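User: Hi! I would like to go through the interface in this model with you, one question at a time.

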Amino acid sequence: MQRGNIVEKLHTSDEAQRAAIERARAALGGIILGKNEQITLSLACLLARGHLLIEDLPGLGKTMLAQSLARVLGLSFQRIQFTSDLLPADIIGVSVFRQNSGEFEFQPGPIFAQLILADEVNRATPKAQSALLESMEEQQVSVDGTTRALPEPFFVVATQNPGDQIGTFPLPESQLDRFLMRIQMGYPNEDSERELLAGDDRRLMLKDTKAVASTEMLLALQQSVAAVHVSDALIDYIQALVRHTRESADIEIGLSPRGAQALVAASKAFAFVEDHSGAYPDDVQAVFTAISGHRLKPAGGTRFRSPAELCQHVLDSVAIP
Amino acid sequence: MMTRPRGTDGSLLSSLPWTMTALAVSIVPHLPYLPIWISIALFGCMIWRYAIEKRRRSLPSAWFRALLALACFLGVLQTYSTVSGVGPGSALLAIMAALKLLETRKRRDQFVLLFISIFLVMSALLREQYLWSLPYLVVSIIVIMTAWLRMSAAHYETARQSFLTGGRLLLYAAPLAVAMWIFFPRIAVPFWAVPMDTGTATTGISDSMSPGDVSKLSRSDAVAFRVKFDGPTPAARDRYWRGLVLTVFNGRTWSMNDPYEGARVHEIVSGQGDPIKYQITLEATRQPYVFALDMPWSWTLERTFMGPQQQLVNARPIDQRVAYEAVSYTTFSTDANLGDYARSWYQRLPDASNPRTRRLAQEMRNAAKSDKAYIESVLRKFNTEEYFYTLEPPPLGNNSVDRFLFDTRRGFCEHYASAFAVMMRAADIPARIVLGYQGGEINSMAGHLIVRQSDAHAWNEIWLEEHGWYRVDPTAAVAPGRIDLGASDAAFQGVGEAWGLSAPSQILHRLSMTIDALDAKWNDWVLGYGPDKQDEFMQRLGMHDPNWQKMMLTMIGLILGLIGLISLLLALRYRPPAKDPAAILFKRFVRKTGLEPGIGETAESFSRRAMQTGTLPADTVRSVTTAYHDARYGPADESAIARLKRAVGTIG
């Protein structure tokens with residue numbers, strides 16, 4: 001486990017937390033070029049104790065983002081490649097009978113790590129998927145009647161390739177709800193791509209990257225996020241947005257109360273990353289697409305080509321109280 | 001001339017049925033009065049217009065529509081031979097609505113149609129305001145409101161939501177309407193008069209009587225008037241409701257002289273026994289006759305006098321329902337003096353008419369010892385010989401009394417009264433016919449007596465020396481049940497079956513009594529809310545010496561108060577949550593930038609835009625935005641508000 005070399009005594013002070021955030025952003029921005037929005041969102045997602053779903057075509061840096069997050073935040077990392085023959089035991093682990101001791105011994109699966117990259121999660125069968133999703137929800141796994149706690153903090157970054165349709169099991173809406181955010185990577189812009197092509201191998205850079213925060217620091221950051229101020233005015237705004245998603249003709253299924261809670265939590269985390277005095281409407285708007293994109297079900301025959309477009313339309317239709 | 005597009009694109013498909021429903025509902029009360037071709041045209045145009053929209057066809061051309069409009073106008077003119085008045089007016093409205101449908105292309109046209117619907121609903125009230133008018137009004141206005149809301153509704157809004165909104169709007173308006181209705185000063189003489197359709201027949205007694213006139217009435221159960229007695233209700237056999245008196249006979253028809261104001265009632269009539277006091281609510285008759293219990297002594301209806309034959313006449317036709325109090329004596333005697341001329345007038349018969357009756361009268365008079373004995377013998381003849389009381393008497397020729405007495409022997413009260421009067425006059429006994437009502441049905445639920453058109457009755461009065469005018473009812477000799485029970489009670493208690501009346505079942509009867517009681521209350525409290533009632537009500541509310549200025553001021557005050565209250569309710573319902581000081585300050589800043597913030601635009605992005613335009617210094621914008629964020633969205637901090645105030649204050 002990689003540990004940062006910062007002064008740990010100071011990790012709970014505001015300055016130390018701020019410095020950690022800024023360093024993390026800088027480190028991540030150095031590896032993943034031109035994706036500041038996605039970096040900030042995924043940082044906010046982890047700080048809000050949420051799981052992240054990255055959905056995009058291969059080769060756009062999904063895995064790189066997950067690995068960088070683990071490395072920069074000093075988290076133990078496991079990658080599970082989801083395939084159609086993946087079994088729940090391959091994720092959780094199995095009890096093996098030891099001849100010399102005459103007892104069953106539990107062999108932990110890859111899920112016992114602080115940050116799990118569930119790669120191409122839609123390739124596995126629903127059975128394997130639900131093994132992962134259940135442990136995400138419960139923060140623990142049960143094997144042979146024994147409940148085992150997962151490490152703290154525990155994050156799942158799942159990736160999904162929307163282009164693949166044959167032989168895949170796309171996550172159903174109810175399961176999508178377990179991910180706090182869903183983001184898309186998108187192509188890098190010209191300059192970033194040029195830098196990427198001309199620069200060093202990203203994997204080598206990743207190896208050289210030092211952790212900027214300890215586990216304690218991360219837990220302290222999560223606590224600070226929970227303490228971010230949410231004013232009545234902001235609640236009004238979030239309620240107005242939620243109400244609109246429920247009443248709009250363009251949306252068949254609007255945000256649930258859990259979705260609204262997710263919106264509040266993510267807005268707080270984003271505000272914290274952005275160093276705002278409280279959660280601002282700007283923070284709500286910044287996380288809205290990532291929060292709502294996979295939770296809203298557009299009405300049939302809608303004029304919006306993508307969930308992002310629909311979410312932007314909602315933001316453009318609701319006045320800020 | 002610009003030609004407008006005639007094609008349809010199906011965009012009205014969702015709201016058009018509602019507009020048509022509103023139109024259909026508003027036409028319902030007119031249907032019985034409209035010529036059939038107008039109703040057919042209206043519903044035909046609805047179906048046609050809907051089919052056009054459904055199949056995306058083109059609307060008919062302007063030329064065709066103009067021709068159609070002209071044809072319809074001429075049609076209305078042909079039917080009514082005028083275009084003013086309630087009948088032709090509503091006919092024109094209905095047909096124009098039908099034609100408007102054929103050029104309805106946009107929402108604006110539908111608005112026009114809904115306006116026409118409202119006009120149609122209101123114009124139905126000009127005809128008559130029944131008990132069911134109120135529920136009908138409520139339903140039709142809600143339907144029209146729903147149609148209205150359907151036009152502007154978002155497509156996801158259900159019809160139920162629109163309907164509820166319409167109902168809620170009506171609920172907001174209801175207190176205003178009630179306040180105006182109560183307080184708007186009523187005046188005795190209305191400012192305007194609605195031109196009524198002349199020539200529309202009202203069922204009721206007319207001023208002449210031919211055989212079959214009254215029996216025709218007996219089929220109508222329309223209410224003639226309702227009576228509320230102060231004391232106990234007199235027995236049915238005493239309930240003769242005096243109307244008009246017929247004196248002239250032409251061999252077939254009895255008619256009257258135009259009554260003039262005769263001698264004062266108290267000089268010729270003297271009542272015996274206890275006076276009976278009661279209130280009558282008389283339905284409109286379009287005739288000047290006023291009905292009262294025989295014999296009326298005093299009455300409160302204005303411009304009403306007693307004619308020379310003790311008939312009550314109003315100076316004007318009774319065009320609307322009137323209520324009056326009256327006092328009568330059921331036992332009375334009238335002036336015993338009758339001049340020679342008057343006596344001969346009441347003995348006059350046309351020369352060549354009904355010869356057989358006259359011969360018979362002469363024979364019977366000669367056989368009798370006195371006038372009284374003669375009368376007895378005539379009544380006995382009706383009673384003992386084969387005479388039948390029937391609602392469907394056979395037709396009689398010119399010498400109607402001869403035909404009736406000797407051939408058909410079947411008749412209704414007017415046949416007996418007529419025959420009896422002729423028999424009397426033929427024997428030189430002065431006689432006349434009184435037309436009015438007899439009996440009436442007691443509605444124990446409402447505690448009043450209903451007198452219907454079917455209670456119409458004709459009886460006789462004969463003049464006897466030393467006694468004066470004396471009431472004789474020959475019908476009582478033939479069908480005593482008719483007099484003892486009254487027409488409706490007789491019909492109800494099974495006696496009526498013999499007369500061809502069907503006996504209604506108990507439940508229906510009770511239901512009709514309930515409706516009658518409600519109807520009477522409605523007439524009394526709602527339609528009868530005139531100057532007197534208003535005055536009384538105002539005094540009960542505590543207004544001293546009510547006059548129209550006071551009522552008007554109260555009404556205006558009340559309306560303003562109600563509008564204030566409703567506005568407050570609406571404001572509480574629709575206003576965004578109370579603004580905090582930070583929001584107010586930021587709004588001031590927004591105004592000063594001169595920029596219009598977009599929907600969903602955050603303070604941050606607005607500030608960025610404001611900085612780009614450069615109307616305000618960038619650092620001011622910056623500090624305002626930061627302070628606003630801290631004050632509005634940060635943890636409670638007084639200094640943030642102060643900073644914001646300062647920052648906004650620095651702007652000119």
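User: How many residue pairs are in polar contact between chain B and chain A?

Analyst: Side-chain values use heavy atoms, with hydrogens and water left out. A polar contact is a pair of N or O atoms within 3.5 Å; within protein, one must be able to donate a hydrogen and the other to accept it, and residues adjacent in sequence count only if both atoms are side-chain atoms. With both residues at pLDDT 80 or more, the count between chain B and chain A is nine.

User: Which three residues supply 40% of the area that chain B buries against chain A?

Analyst: Chain B and chain A bury about 1,500 Å² between them, 58% of it on carbon and sulfur atoms. Buried area here is the accessible area (1.4 Å probe) that two parts lose on being put together, summed over both. The three residues that supply 40% of chain B's part, more than any other three, are B:Ile599, B:Thr602 and B:Tyr633.

User: Where in chain A does pLDDT stay under 50?

Analyst: pLDDT is the predictor's confidence in each residue, from 0 to 100. Chain A averages 85, and 95% of its residues score at least 70. Where pLDDT is low, the predicted coordinates should not be read in detail. In chain A, the stretch under 50 is residues 1-10.

Terms used:
Residues numbered from 1 in each chain as written. Chains lettered and ligands numbered in written order. Contact = heavy atoms within 4.5 Å.
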